[in-house]
Amino acid sequence: MTGEEAVQPCPACDSLDFLSLCKGTDRLYRTTDKEFRIVECRRCRLIRLYPQPTPQELPAYYPTQYWFDPGLSAADKLEEFYRRLVLRDHVRFARRAIRDAQAPGVVLDVGCGGGLFLHMLAQGGAKVAGLDFSLDAASVAWRRQGVPAVCASLAHAPFAPGSCAVITMFHVLEHLYDAYSYLESARELLHPGGRLIVQVPNAASWQFLLLGENWSGLDIPRHLVTFRTSDLEALLDRCGFQPVRYKYFSLRDNPAGLVTSLMPGLDPMARRVRAIREGPRTRLFKDLLYFLLVAAAVPLTLIEAACRAGSTVMVEARKKP
Ligand SMILES: [Zn+2]
């Protein structure tokens, strides 16, 4: 906490007092060599990235193809098949929330990326809409998946108050400077009987405990905050939400996250983003090795999830009356 620059306060409680847990840099996409610390607020215990990158600095840490745009090659088709398979957890969780909600309106996915999740939900009859910061992502969602999507922030989304039955935010909150105002906007857009679904990396996971700064859930420097379930509950409560259901296992995120933590250089997305040059045989070999390791990681990640220590947590919440 030395140096000339002013100490950045905790985004949850404004305390200036913190404890350093570990430090690291962008292991996954190598957008920078700059070192960041992971610190814990001494007052409310929220874990965050320190120093927080400025809004001017942040875009440089996001690779351009951060979302999925399926091509027509056999490898791309195989990848889409895999993505559909592992997304079924998310789709099932959302379908139950839609049933529970009994509210009219659309299912709005915030941070919709390429739109595959919404496409799968729409196949089950749901009325869907997507929202993303990236114009390219919103355009891919519409062109490739037939999902109506807008490029906007939630606070300025072109939807009427109370018009959403369900709002989903998968891996969104940890990227935001002000998660509080984002959830307030979500509350306004939701029908009184509507449901909110959020998923974030879980700081109270065995993977963070064991792997420290090498845990992919920290995703330095893109994740500004890393929540425990209790931090998320405090945030939801402040924003007028009451949790009703939790899930600590995600077939898409938990096993793959473990393999990526241990071998970031093998991660298929990281290899694509970093434009690693490899022949078709090497690419196939590395992809197969990665997916074999992911399959091997499934039993362990099921056990950690059963102990509520999975590397991600998904929460369904209702609006408090
Ligand atoms: Zn705090």
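Predicted model: local features only at pLDDT ≥ 70, side-chain atom pairs only at ≥ 80, totals over all residues.
**Cysteines**

Cys22 also counts as buried, as the table sets out.

| Residue | Relative accessibility |
|---|---|
| Cys22 | 13%, buried |

A search of the whole structure turns up zero disulfides. For Cys22 the reason is distance: the closest cysteine sulfur, in Cys41, is 16 Å from the sulfur of Cys22, too far for a bond, given that a disulfide needs the two sulfur atoms within 2.5 Å.

Four strands form an open sheet in the order 1-2-3-9, and their pairing is antiparallel. Strand 1 (18-24) and strand 9 (225-226) are the edge strands; each has a single partner strand, so one side of each has no neighbour in the sheet. Strand 9 runs antiparallel to strand 3 (residues 47-50), and two bridges join them. In this pair, Ile47 stands opposite Thr226 of strand 9.

**The cavity**

How many cavities of 30 Å³ or more does a search of the whole structure find? The search finds one. The largest cavity holds about 110 Å³ of space. It is lined by 14 residues, and Arg27, Leu28, Trp215, Ser216 and Asp219 are the closest to its centre. By type, the lining of the largest cavity comprises five nonpolar, four polar and five charged residues.

Conventions:
Residues numbered from 1 in each chain as written. Heavy atoms only, no water. Buried < 20%, exposed > 50% of the residue type's maximum accessible area, 1.4 Å probe, protein only. Pairing = 2+ DSSP bridges. 1 Å grid on protein atoms, 1.4 Å probe; cavity = no way out; pocket = protein on both sides within 12 Å on 5 of 7 lines; lining within 4 Å. Points joined across faces, edges and corners; volume = space filled by probe spheres on them. Nonpolar A, V, L, I, M, F, W, Y, C, P; charged D, E, K, R; others polar.
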